[in-house]
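We begin with a helix and its surroundings, then move on to the strands and the ligand.

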Amino acid sequence: MRLRAFAPEDLPSLYDVCVRTADAGGDARQLYPDQDLMPTIFLAPYVALDPSLAFVVDDGSRAVGYIIGTADTGEFVRRCRQEWLPTVAGRYPAPAAIDTPSDEMLALLHTPERMIVPELAAYPAHLHIDLLPAYQRKGLGRELMTAFLAALAGRGAPAVHLGMVTANVAARAFYDRLGFHVIDVPDAGVLTYLGRSTDS
Ligand SMILES: CC(C)(COP(=O)(O)OP(=O)(O)OC[C@H]1O[C@@H](n2cnc3c(N)ncnc32)[C@H](O)[C@@H]1OP(=O)(O)O)[C@@H](O)C(=O)NCCC(=O)NCCS
């Protein structure tokens, strides 16, 4: 098992990790018929726009987990709108109505500005972390987070946030152990926002 920087060849493996963990930490393949939809929103723009902040765990044959993110959420949102969305909007148009779980996700894809939340201003970086089930609870999440926080600190980002589905109690236990605290955000819906400094 080896932690290393993301490489473009990892992308298919990482799409697989993403979709198998995208339903509040569990397998989302039945929920969204298009298996590429969730990675297109929650994985691909990060490695496209800031690959140097992407780290993977490699089991010797493939990447089995990742941490991805941005040091500057405002800049990331601007680039999602201007650079990322135009590359995927043909395959994934904005939904005319919200009738299915996929429509809900398409609406998120088309509103990157939703990521700008005033209460999170002191935590300019944000992240996503996912490992395949067989590789969870082995210390790999902590290793990925340590590498990511060091990279953020090296970029001068003072603090990081994440939005997690509140129902994902296993992930919440992980973040608690890693020193994250709740950031109170009114009207957060199904999400809980957590944050911490990038100091080690
Ligand atoms: C959440 C996730 C990234 C955590 O990574 P991990 O490799 O499983 O966690 P680690 O083994 O590195 O655990 C780090 C610490 O958190 C604790 N922890 C992790 N999961 C826990 C759980 N379910 N319950 C209690 N403690 C937990 C560990 O005991 C460990 O504590 P210690 O190092 O102080 O002894 C991983 O489990 C995962 O990918 N889950 C599915 C996808 C997901 O939910 N992603 C987050 C979406 S917001």
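Helices (H or I, at least four residues) and strands (E, at least two) are DSSP runs numbered from the N terminus. This is a predicted model, in which local features need pLDDT of at least 70 and side-chain atom pairs count only at pLDDT 80 or more, while totals for chains, interfaces and linings use all residues. Residues are numbered from 1 along each chain as its sequence is written.

Which residues of α6 are buried? They are L140, G141, L144, M145, F148, L149, A151 and L152; buried means 20 or more other C-beta atoms within 10 Å of the residue's own, exposed means 12 or fewer, and C-beta atoms are placed from the backbone. Viewed down the axis of α6, these buried residues fall within an arc of 160°, so they line one face of the helix. That arc is taken from the directions that run from the helix axis to the C-beta atoms. On the face turned away from the buried side sit the exposed residues R142, A150 and G154.

With 15 residues, α6 reaches 21 Å from first C-alpha to last, close to the 21 Å expected at 1.5 Å a residue (1.5 Å times one less than the number of residues). After α6 comes G156, with a positive phi near 85°.

## Strand pairings

Strands pair if DSSP finds at least two bridges between them. β1 (residues 2–5) and β2 (residues 55–58) run antiparallel, joined by 4 bridges, with A5 opposite F55. β2 also pairs with β3 (residues 63–70), again antiparallel over 4 bridges, and here D58 stands opposite A63. The hairpin of β2 and β3 has 4 residues between its strands, and G60 takes a positive phi near 105° there.

Further along, β5 (residues 159–165) and β7 (residues 191–197) pair in the antiparallel sense over 7 bridges; M164 faces T192. β6 (residues 181–183) pairs with β7 as well, antiparallel over 3 bridges, placing V182 opposite L194.

## Around the ligand

How many residues surround the ligand? There are 19, and the closest are G25, G141, R142, A170 and A173; a residue counts if its C-beta atom, placed from the backbone, lies within 6 Å. The elements giving two or more residues to this shell are β4 (125–131), α6 (140–154) and α7 (169–177), and α7 gives the most, with 5.
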